[in-house]
Amino acid sequence: MNDSLTDVPGFRVGHAAVTGPGALSGTTVVLAPPGGAVAGVAVRGGGPGTRETDALDPKNVVERIDAVVLTGGSAYGLDAASGVMAWLEEQRRGVRVGPEPHHVVPVVPAACVFDLGRGGDWRARPDAEVGRAAAEAAGAARVEVAEGNVGAGTGAVVGGVKGGVGTASVRLASGVTVAALAVVNAAGSAIDPHNGVLYGEYGSAGPLQVPSRARHLAAAARLAEAGAGSGLPPLNTTLAVVATDARLTRPQAQKLAGTSHDGLARAIRPVHLMHDGDTVFALATGTHGAANSPAPAGTHSSDTPGALTPEEFNFVLAAGADVVARAIVRGMRAAASVDGPGGSFPAYGDLYGS
């Protein structure tokens, strides 16, 4: 276990950044194993930017998908998904629509965060080429997942503090693994204004590390100064992908996506605002099941081999929220400060220490 999304067997993550002067944006691709994954999605922000999310509705035809795209660039950046589609087509991965192996249409759900102009150049945003580069990186990746100012987290900001990509995982008593990857970019804050503690760390294992009052006051003053000079609107969004090797139905995957938003609410306050497009995807491979475990008395297990009992599924739902909250904390701690023409965004580590 590496405490990352790739602890779920078969998943890989690739990042790519927009290059050139004034650029501070990028794209992250979560690649499912061959054969794809059952998927669900829940959109709860008031200003979402998404693509192909309707295809994941359980009443619609698509059974499994091969990749999810998380991207910067606001709605412009959704073009990155076209590059991912092209790469998947070359791999002959997608919904089979004809007699030949290459007759496929990859379904690539995508969601974007707002980071326009944060590097200084309003037009420096991901396109199909950046999306393809992220897909190629995912295809060639090992299990390690880079965090912080990478991929879709390159230009992420949370309440004036630099955000980024974070990831976390847990293995349940049943043997099922649940993991998350988050792009932390919110109009709200991830930091308790009373003491400088990251909200997502409340209730976590181990003693709570509270910054000194002097450091907290200095950090608050620095944030106030940085915020006054940014001139940028609070148009943000936090994105997450929750993955598991449990055997889930499509309605169950949709439920997991919805309850995993609880992790956002624990780690960011306020959340799901009109200027957020908060979106969570859930992916399930079904490679691990509970077929050998009898259902507890008074419950009924599914007829599907390897399906979870209701109690086991509840543990997966709870774990989804937990790993999203921890992924957000890790994204905040892994981020590095940025100071450029598009604004000054200090990192949590520079403000409060490790």
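What volume does the second largest pocket have? About 160 Å³. Keep in mind that this is a predicted model.

Let's walk around that pocket. Its lining holds Y199, G200, Y202, G203 and S204. R266, D322, A325 and R326 line the second largest pocket as well. Which helix gives the largest share of that lining? That is helix α5, residues 310–334, with three residues. By class, the lining of the second largest pocket splits into three nonpolar, three polar and three charged residues.

Now stay with α5 and look at its partner. Helix α4 covers residues 250–267. α4 and α5 pack at an angle of about 40°, and their axes are 7 Å apart. That angle makes α4 oblique to α5. The crossing of α4 past α5 is right-handed.

Who makes the contact? On the α4 side, we have Q252, K255, L256, T259, S260, D262, G263, L264, R266 and A267. On the α5 side, we have F313, V316, L317, G320, A321, D322, V324, A325 and I328. By class, the contact of α4 with α5 has 10 nonpolar, five polar and four charged residues.

Is the peptide bond from R269 to P270 cis or trans? It is cis, with omega near -15°. P270 is placed in the loop between α4 and β14, the strand at 279–288.

Next, the other helix pair. Helix α1 runs over residues 80–90, and helix α2 over residues 128–140. Their axes come within 6 Å and cross at roughly 45°. That makes α1 oblique to α2. α1 passes α2 in a right-handed crossing.

Here are the residues that meet. From α1, they are A80, S82, G83, V84, A86, W87 and E90. From α2, they are A128, G131, R132, A135, E136 and G139. In the contact of α1 with α2, six residues are nonpolar, four are polar and three are charged.

How many cavities of 30 Å³ or more does the structure hold? One. The largest cavity has a volume of about 40 Å³.

What lines the largest cavity? G22, L24, S25 and G73 are among the lining residues. By class, the lining of the largest cavity has three nonpolar, five polar and four charged residues.

One last stop, back on the backbone. E52 lies in the loop between β4, at 50–51, and β5, at 67–71.

Go to the second largest pocket, with its volume of about 160 Å³. Go to the cis peptide bond from R269 to P270.

Definitions and conventions. Residues are numbered from 1 along each chain as its sequence is written. This is a predicted model: local features need pLDDT of at least 70, side-chain atom pairs count only at pLDDT 80 or more; totals for chains, interfaces and linings use all residues. Side-chain values use heavy atoms; hydrogens and water are left out. Axes are lines fitted to C-alpha atoms, for helices over the stretch in contact, and angles run from 0 to 180 degrees between N-to-C directions. Helices (H or I, at least four residues) and strands (E, at least two) are DSSP runs, numbered from the N terminus. Angles under 35 degrees count as roughly parallel, over 145 as roughly antiparallel, 65 to 115 as roughly perpendicular and the rest as oblique. A crossing is left-handed if the near helix is turned anticlockwise from the far one by less than a right angle, and right-handed if clockwise. Contact means heavy atoms within 4.5 Å. Ala, Val, Leu, Ile, Met, Phe, Trp, Tyr, Cys and Pro count as nonpolar, Asp, Glu, Lys and Arg as charged, and the others, Gly among them, as polar. On a 1 Å grid over the protein atoms alone, a cavity is a set of points where a 1.4 Å probe fits but cannot get out, and a pocket is an open set with protein on both sides within 12 Å along at least five of seven lines; lining residues have an atom within 4 Å of a point. Grid points are joined across faces, edges and corners, and a volume is the space filled by probe spheres set on the points.
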